Amino acid sequence: MGEVSPSAAELLPHQGRAVLIDTVLEDTEDSIRVSARVTAANPYFVPGLGVPVWVGIELMAQAIAAHAGLGSRREQRPPRAGMLLGTRRFETGAAYFREGSELEICAQRDFGDDGGLAACACTILCGDEVLAKATIIIVEIDQEQMG
């Protein structure tokens, strides 16, 4: 039997409704796949429309943060603080993620350095349909560096 992943809430510094992803589906050294169900409980939910697709940037960032959290656990070290620096080429296939949709968020590390700077190619799917994609730029900082 495979190892059970902790809940997304255990891996993120977010609390309560700020946690937008639900479950880790797959985690490898350089990538992660997570799920998120679109419901009215989402703080960005617009009745009759769903969740605006621009919230996808935060879904992608939370997937990357979950990947970092799992990596810290594997290496038995405290998690590093992370910051979203920006995004490149954010492309969307819809204006909203529809209520009831089961989204799959994939993040693949494109490059990274020892200083904590990294870029991840991210995609949000609903079934086989690509709803959003972007390159997310992040930086991880050791707690000692935050001073």
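How many bridges join strand E1 to strand E2, and in which direction do the two strands run? The model examined here is predicted, so that local features require pLDDT of at least 70 and side-chain atom pairs count only at pLDDT 80 or more, while totals for chains, interfaces and linings use all residues. Residues are numbered from 1 along each chain as its sequence is written, and side-chain values use heavy atoms, with hydrogens and water left out.

Strand E1 (residues 23-27) and strand E2 (residues 31-37) run antiparallel and are joined by 4 bridges, where strands are DSSP runs of at least two residues (E) and helices are DSSP runs of at least four (H or I), numbered from the N terminus, and where two strands pair if DSSP finds at least two bridges between them. A hairpin of 3 residues leads from E1 to E2, and Val24 stands opposite Val34 in E2.

Helix H2 (residues 56-74) comprises 19 residues and reaches 27 Å from its first C-alpha to its last, close to the 27 Å expected at 1.5 Å a residue, the expected span being 1.5 Å times one less than the number of residues. Of the 19 residues of H2, 14 are buried (buried means under 20% relative accessible area, exposed over 50%, and partly exposed in between, with a 1.4 Å probe and protein chains only). H2 is followed by Gln76, for which phi is positive, near 50°.

A search of the whole structure finds 5 salt bridges, each defined as a side-chain nitrogen of Lys or Arg within 4 Å of a carboxyl oxygen of Asp or Glu. Among them, Asp27 and Arg74 meet at 2.6 Å, N to O; because Asp27 lies in strand E1 and Arg74 in helix H2, this pair ties together parts that are 47 residues apart in sequence. The side chains of Arg33 and Glu104 meet at 3.1 Å, N to O, and since Arg33 lies in strand E2 and Glu104 in strand E6, parts 71 residues apart in sequence are tied together.

Gly86, located in strand E4 (residues 81-92), is partly exposed, with a relative accessible area of 24%. Leaving aside neighbours within four places in sequence, Gly86 is in contact (heavy atoms within 4.5 Å) with Thr135, Ile136 and Ile137.
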